[in-house]
Amino acid sequence: MSSATRTNQPGRAGTESASGSEHVRVIVVGAGFAGIGAAIRLRQAGIAFQLLEKADEMGGVWRDNTYPDCACDIPSAFYSYSFAPNPRWSRFFAPQAEIRDYCRAVAARFGILPFVRLNHELKQAVWDPDTRLWRLETSAGRFTADFVIMACGPMHQPRLPRIKGLESFTGARFHSARWDHDYDMTDKRVAVIGSGASAIQFLPAIQPRVAQLTLFQRTPPWVLPKMDLAVSETWQRRFERFPILQSLLRQVLYRAFERLNGSLNRPKARQRLEASARRNIERAVEDEALRKKLTPDFAIGCKRILQSNSWYRALARPNVTVVSDVAEVQGKTIIATDGSSCEVDLIIFGTGFEVANPPVAEIIIGTSGRSLADQWQGSPEVYLGTTAPDAPNCFLTFGPNLYTFSSAFVMIEAQLDYIMDALRQAGAQKITTLSVRAEVCRSYNDEVQAALQSSVWNSGGCTSYFIDRNGRNSTNWPWSASRLRQRLRRFRLRDYELQTGA
């Protein structure tokens, strides 16, 4: 069967193989919310596993993003595991530090800390068809596994734009996900490049401290008011004493997001949302020329919808200038595509992450001997966002075409149901290899792409990170979150090519 002993029993460490690699039934890669959720489910099922994390602490995106005023844009009661509610959120939309602490507290509460290997960055995962094992090379040792769960997340690798002359810049610069807290920007001239979800949080926070702030934006986003408020100690105690209250709130929020998600493909509903966003601009910005710069020319929902009560007020301040996208950098001078220029001491990139093309695909080598990224050539094709034909016994979380306007935890828990059902059936039927059929994967992707053609993401008139470099939408799920949960509820063996026995 293999040079290592296979086991379904939980344990701190795996068994040693003849090649010196440590063998574990399941390896989970990434200790963010998806990876921790997978570890919890595996431990509850009694399946031996190890959780590998590249950093020296857990938390994923909520560990990496520490920029000023970093917070969730999904209500906290909904942005959490359904099986581990947190009654002690201080705000309706929790700040970064609380979410990071919740992540670690859940890991400790469910007893997975002994199974976590920190400072184990995955360098390569190669499928060995002879032994029917995954061989994983990490920064701190080698492993083999019967199954791998790649819980690496879509907001993992910061995206930096290619800008002519950037290497000549003599000031400081960093990405928002790599915030330099030692840099004192008091009275400095600052350029912010990008106006996405991160920038609308940190820009208003730093604006009062800097001498001059110039926002370089390619296209303005739609920004709705953020219905945020503090959660009083009284309500925190009520949620703690009566968990049903928070459960009901979660159900209400789930239905509200389902309605909102559905409304994005209805023109009249979009018009109402756009009217609310325009009022948000008008309340804060008096200057007509600036209002025009800040009003999108595409349908709301085509790009990620943002929320803020301070974004427009900050942009209207005297020390802030809004210009077009960056054209060139010459020393400390940045030139915009509209011809304007400014000298700056600091550049902050609010340019997001590699979403449409998962970076982990570059180091997953399947049965063909080629990486998934090489096979996909910029347009991933995965079945139910979870399995790829050339990667047996490998599961992706937050895979291609799973994004929907809802809580990430809806997606995480739906995928974990699917993965755990696969592992349960594999164990019960002595299945050693599960590989999604190429024709099943192709048919599914054809169905998804056909449904996306008329969606606001494809036809809303914008350019967004939802669309990959080939012009294909490799990000969005075209239907409701309820349909996503339904499709992932059961693992259908008939969709897969199976091998059993030795």
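How many residues does helix α7 have, and how far does helix α7 reach from its first C-alpha to its last? Select residues 267-284: helix α7 has 18 residues and reaches 26 Å, close to the 26 Å expected at 1.5 Å a residue, the expected span being 1.5 Å times one less than the number of residues. The model is predicted, local features need pLDDT of at least 70, side-chain atom pairs count only at pLDDT 80 or more, and totals for chains, interfaces and linings use all residues. Residues are numbered from 1 along each chain as its sequence is written, and side-chain values use heavy atoms, without hydrogens and water. Helices are DSSP runs (H or I, at least four residues), as are strands (E, at least two), numbered from the N terminus.

Now select α12, residues 438-452. Its buried residues include Val440, Tyr444 and Leu452. Seen down the axis of α12, the buried residues fall within an arc of 160 degrees, so they line one face of the helix. They pack against β20, α13 and α14, with contact meaning heavy atoms within 4.5 Å.

Technical notes: Buried < 20%, exposed > 50% of the residue type's maximum accessible area, 1.4 Å probe, protein only. Arc of directions from axis to C-beta.
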